[in-house]
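Here's a quick walk through the model you have open. Grab a viewer and follow along.

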Protein chains: 2
Amino acid sequence: MKAKVKVTLKNGVLDPQGKAIEGALGSLGFGGVNGVRQGKYFEIDLAETDRAKAEAAVKAMCDKLIANTVIENYAIEIA
Amino acid sequence: MKAKVKVTLKNGVLDPQGKAIEGALGSLGFGGVNGVRQGKYFEIDLAETDRAKAEAAVKAMCDKLIANTVIENYAIEIA
């Protein structure tokens, strides 16, 4: 199965990279941008064929390695 | 409107960061991982209220700044 994981900064956590992109978009002439937040995206190819087990495995991977749960949220999508 | 953009490496483009994560997952005892690819994720908050115009604006932003279209694909979701 394939798992798609989005890791985003929690609300209130400063995102200087997002701010830089917001500034760069402004310099390039893109108006009307109220904010940009950057996160990470992972595609994990799993041998597991059971949906529930795959989701549980990916959740454990996120908690242990992929996301820093102190400052980041993650969302898992199994496809 | 809010736009969510996923930027992923094209097939065939080497992803050493994904390979490193794959290796680290193996070291942590997670078996059955066939592959990991890392991408980027952006949430862009737009003043624009027209869906089609918002999508066109984000597409232009991706082509000009957010994605390197030589080696990366992007997918836009307007919410």
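Predicted model: local features only at pLDDT ≥ 70, side-chain atom pairs only at ≥ 80, totals over all residues.

## Helix α2 of chain B

Let's start with what is tucked away: in α2(B), the buried residues are B:Ala54, B:Val58, B:Met61, B:Cys62 and B:Ile66. They cover an arc of only 100° around the axis, so they sit on the same side of α2(B).

What do the buried residues of α2(B) pack against? From chain A they meet α1 and β2, and from chain B they meet β1, β2 and β3 (72-78). One thing to check on the helix itself is its length: α2 (residues 51-66) of chain B spans only 20 Å between its end C-alpha atoms, while a straight helix of 16 residues would span 22 Å at 1.5 Å a residue.

## Helix α1 of chain B

Now run the length check on α1 (residues 16-27) of chain B. In α1(B), the buried set is B:Gly18, B:Ile21, B:Glu22 and B:Leu25. Looking down the axis of α1(B), these buried residues fall within an arc of 100°, so they line one face of the helix.

The face of α1(B) turned away from its buried side carries B:Pro16, B:Lys19 and B:Ser27, which are exposed. What covers the buried residues of α1(B) includes β2 and α2 (51-66) from chain A, along with β2 from chain B. Just after α1(B), B:Gly29 takes a positive phi of about 95°.

## Strands and the two-chain arrangement

On to the strands. In chain A, β1 (residues 2-9) and β2 (residues 33-46) pair in the antiparallel sense over 6 bridges, and A:Val7 stands opposite A:Lys40 in β2(A). The pairing also crosses between the chains: β2(A) and β2 (residues 33-46) of chain B run antiparallel and are joined by 13 bridges. If you want a residue pair to click on, the bridge partner of A:Val33 in β2(B) is B:Leu46.

## Salt bridges

Side chains of opposite charge can pair when their charged atoms come close. The structure holds 6 salt bridges over all chains. One of them links A:Glu22 to A:Lys19, with the closest N and O atoms 3.5 Å apart. Both residues lie in helix α1 (residues 16-27) of chain A, 3 residues apart, about one turn of the helix. A:Glu22 is buried at 18% relative accessible area, whereas A:Lys19 is exposed at 57%. In chain B, B:Glu22 forms a salt bridge with B:Lys19, again with 3.5 Å between the closest N and O atoms; B:Lys19 is exposed, at 55% relative accessible area.

A:Lys40 turns up here too, in a salt bridge with A:Glu72 whose closest N and O atoms are 3.5 Å apart. A:Lys40 lies in β2 of chain A and A:Glu72 in β3 (residues 72-78) of chain A, so the pair ties together parts that are 32 residues apart in sequence. A:Lys40 counts as partly exposed at 30% relative accessibility, while A:Glu72 counts as buried at 10%.

## A loop lysine in chain B

Last stop: B:Lys10, in the loop between β1 (2-9) and α1 of chain B. B:Lys10 is partly exposed, with a relative accessible area of 28%. Leaving out residues up to four places away in sequence, B:Lys10 touches B:Arg37, B:Thr69, B:Val70, B:Ile71, B:Glu72 and B:Asn73. For a sense of distance, B:Lys10 and B:Thr49 are 39 residues apart in sequence and 31 Å apart in space, C-alpha to C-alpha.

Methods: Residues numbered from 1 in each chain as written. Chains lettered and ligands numbered in written order. Heavy atoms only, no water. Pairing = 2+ DSSP bridges. Helix = DSSP H or I, 4+ residues; strand = E, 2+ residues; numbered from the N terminus. Buried < 20%, exposed > 50% of the residue type's maximum accessible area, 1.4 Å probe, protein only. Arc of directions from axis to C-beta. Contact = heavy atoms within 4.5 Å. Salt bridge = Lys/Arg side-chain N within 4 Å of Asp/Glu carboxyl O. Expected span 1.5 Å × (residues − 1).
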